[in-house]
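Please read it with the structure open.

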Amino acid sequence: MATDLTVLRDGKHVFSGPTNGLTHDRLVELIVGPASAQAPQRDRSAMLGHGSSAKPGSGNQVSSSTGVIARAPYAYVVRGLSTKDLEDVDFTIHSGEVLGVCGLDGSGREDVVYALGGAVQSQVSVELPGGGVVNKITPRIAKRCGFALTLSNREPSSFVGQFSISEDLMLPSLAKSARGGMAVRRGLDARTVDAWIARLDIRPARAVTHMEKLSGGNQQRAIIAKWLNTKPLVMMYNDPTSGVDVGSRRSIYELIRAQVDEGTAVVVASSDLEDLTSVCDRVLVLVGGRLRFELRGDDISEPRLLHSMTDGLTSERVDTD
Amino acid sequence: MNTPRRSRGHGRNFAAALSPRNIGAVYLLALLVLIFSLWAPGLFFSEQTLKNLLNDSAIPALAALALLVPLACGVFDLSFGAVIGFAGIFCAWLLGHGVDSAVLAAIITLAFCLVIGLVNVVVVVVIGIDSFIGTLATGALVLAVTTGISGNLILSEGVLNSGLPALATTRLLGVQLPVFFAAALMIVLGLLLEQTVVGRYAYASGLNADAARLSGVPVKLVRSGALVLCSVIAGFAGIVLTAYIGTADPTTGPSYLIPAFAAVFAGATQFRGGRFNSWGTILAVLLLGTGSIGLTLAGQPAWTNQVFLGAALLVAVGASVLTRPKV
């Protein structure tokens, strides 16, 4: 629709001029930068150095960072996922793999994980690893199926602000840890919470601190701990690094790769391209509520992602005057 | 794998526990006892006064504890005052119309109160009407039904002969039975809220229902249980009230509303850092009762009690707001 365009990148002015004659590729290059378009994904190769496929039939190995025991490979097949923003999306989630989901705002990308986590209503058919199919997903059903949804700490419903780290962390797992499903075991919970605080380096390391008093990065780690504690088969994130400082961002990426190294399946929906290029093995690109592309390996680059997300949205201008 | 250190700070330190921010009402109570002892010398500071205080506080305590449950879960219940009145009238009516056993009359009455609780559930949880308005409306309906049953008269036939008054007048250590009911309920609710999974779910529902839901907390079920429990406890309070005064007055129920709200909100500022809790609620009930008895013994007219109620509520809540660290 625009006749003239100005591009800003990293706070600097990059280009101003008419849109006439501007191709989609050139536009992407302007937004993302020429260096990024050609350089290898440094972060990704370092991250993926651990090996990205599930260790086949690895038996019981306890990992040091998430305490999860490695499992035999498994898969969830999702068919016909439809929500207010999504239309008939099909895909498969594999253990030991990080699946990314991206798309512009309104493409429905967050609905993919929200629906599987029971946070929004959806029509869907999910084939579970053990056999069995689920057609309706609520938070309780999601938990039973092995899903865990970690929201961004910027979402008000991602944690209970006036709960202590301990109370909020244990909330989804409380019924399991309580005696007879009723009496809270404070001692046991205290040890569990302390272990997570130490593993994920949550500061201040005081379990009675209220969640609302923590900084963004610490809140996000506490939320991650909350859901890792439910020992999920599919760990899902939405915008895990928004509102998080640079140091915490790296540690969250490392955490995600560590989960996958133990054989857990991970799904990351994000509006942040760095999230996708840094940790994902495969990325689903949504345009207008439909699944349009699937990128793998070296195709997962900022220019390719941006190009795919905006596919069909720029067209040759018809000269009417 | 590193053995995780037990992190410091699973409880507050002693100094914080004794600060005015945490137990300001205790200091206020001590101050009041001092003031009234000087103001009404020889009359106030006695064992009899203490017993009167406890006996007079029993029913307000039951009313406040009834309200505590839904408030902790994040729902209002404004109908419980009318339920107190209803229970008293209905129980008296049963006793005057063929039911001989006080126990049977009480059980039937509580069953009806449970149904009223379910009506609240339908209005607030199922249909989704705002709890403040919804229970205000159901309360008005209950009040209308109560007035209808009583014919707008005070009922007394059958009550005195039935053995019901024994519920209220039996004494243990010189203190009436209902005081022990209230104390037991305070302990039960306190432990329920603080030591059980249901209690944690209740607080989660009250503090952030959306986050609770996503964590798998059955918020609707928890709130439903809370509304039913509130009506049943209120019903019990109404039965005790009729037992106490030997008659049933259709108009006295709603007068317990405001003191109960005052006690629960003031109680939230004590002991648990802003969370609704049973211990603080009872302390607040005793605080208000002390003021009432003290003013009476000092020969002050009845309206001063209302002034005291308002002032005490402002002081208790205000002190905790002012001493809260600025965010």
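1. Basis. This is a predicted model: local features need pLDDT of at least 70, side-chain atom pairs count only at pLDDT 80 or more, and totals for chains, interfaces and linings use all residues. Residues are numbered from 1 along each chain as its sequence is written, while chains are lettered from A and ligands numbered from 1 in the order in which they are written.

2. Chain contact. On chain A, 32 residues are in contact with 23 residues of chain B (contact: C-beta atoms, placed from the backbone, within 7 Å). α8(A) gives the most to the chain A side, 5 residues (helices are DSSP runs of H or I, at least four residues, numbered from the N terminus). That side divides into 21 nonpolar, 6 polar and 5 charged residues (nonpolar: Ala, Val, Leu, Ile, Met, Phe, Trp, Tyr, Cys and Pro; charged: Asp, Glu, Lys and Arg; polar: the others, Gly among them).

3. Domains. Chain A is split into domain 1 (1–39) and domain 2 (52–309), with bounds from an automatic or database domain assignment. Their C-alpha centres lie 34 Å apart.

4. Leaving aside neighbours within four places in sequence, A63(B) is in contact with F80(B), I84(B), A234(B), A237(B), Y256(B) and A260(B).

5. Helix pair. The axes of α8 (177–195) and α13 (278–297) of chain B come within 8 Å and cross at roughly 145 degrees (axes are lines fitted to C-alpha atoms over the stretch in contact; angles run from 0 to 180 degrees between N-to-C directions). M186(B), L189(B), G190(B) and L193(B) of α8(B) meet S278(B), W279(B) and I282(B) of α13(B).

Technical notes
Two residues are in contact if their C-beta atoms, placed from the backbone, lie within 7 Å. Helices (H or I, at least four residues) and strands (E, at least two) are DSSP runs, numbered from the N terminus.
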